[in-house]
Amino acid sequence: MLWDIDQTLVDLRGLGAIWYTAALADVAGVELRQLPSFGGRTERAISTDILTSHGVEATEENVRALWLALIAVSESHASTLASNGRALPGAKDALNDFATHGGVVQTLVTGNLPEISVHKLTAFDLHEHVDFEIGGYGSLSAHRPDLVPAAVGRAAEKHGTEFPPASVVIIGDTPDDVRAALDNGAVAVAVATGQYSAEELADAGAHTVLGDLSDLAAVRAAVLGATP
């Protein structure tokens, strides 16, 4: 199982702008004037857009400097994250439930950086059953579908077994999450807990669309019973 984080497991809307404002000022001495769309995109894509749109060359050095600043900002906010957001309905129960199913490996395919992923999930006690070591993170590529084989490959290496595409389930809240699954032959389970409606997620090709994760039986059926 490959979980998205923002608007799938947690709602921390608004923090991205705050964190990027501080990070851009720290790295480039520039005031943040505009933000690209965040939903479904990777940190590499977002950081590149922000640097470029503010007149800073998006070299690998500058991108990574911005990431280090973002990580530092997120660390400084770690103790207050829980008061600035919420775990989404059913998230904890779903993570706990799938931990009891033998053979189910839970990790991430997220646009976030690895360190920030840990901060966000730990703040809401959603980290216990997630294997952060094998996740596919937004530092890997600007193209979200690239994150899936990275995570699946790491899982296969760690567990000593292959995970055929049809056995991989991606849960997210955007059409980009759905496309990442479809492009890799995986099962796409979408939750309409973000900015996209159930209709938009279905139109993107999701195999199952849920209102949220609160109906555990429905989540189980989508994950354990769905096939592309």
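At what angle do H1 and H3 pack, and how far apart are their axes? The views below come from a predicted model, where local features need pLDDT of at least 70, side-chain atom pairs count only at pLDDT 80 or more, and totals for chains, interfaces and linings use all residues. Residues are numbered from 1 along each chain as its sequence is written, and side-chain values use heavy atoms, with hydrogens and water left out.

**View 1. Helix H1 (15-28) against helix H3 (60-77).** The two pack at about 130°, axes 8 Å apart (axes are lines fitted to C-alpha atoms over the stretch in contact, and angles run from 0 to 180 degrees between N-to-C directions). Residues in contact (heavy atoms within 4.5 Å) include Trp19 and Tyr20 of H1 and Leu66 and His77 of H3.

**View 2. Helix H5 (114-123) and its cover.** Ile116, Ser117, His119, Lys120 and Leu121 are buried here (under 20% relative accessible area, with exposed over 50% and partly exposed in between; 1.4 Å probe, protein chains only). Their cover includes strands S2 (10-11) and S4 (107-108), plus H1 and H3. Helices (H or I, at least four residues) and strands (E, at least two) are DSSP runs, numbered from the N terminus.

View 3. Aspartate 125 is partly exposed, at 39% relative accessible area.

**View 4. Glutamine 7, in the loop between S1 (2-3) and S2.** Phi is positive here too, near 65°. At 9% relative accessibility, glutamine 7 counts as buried.
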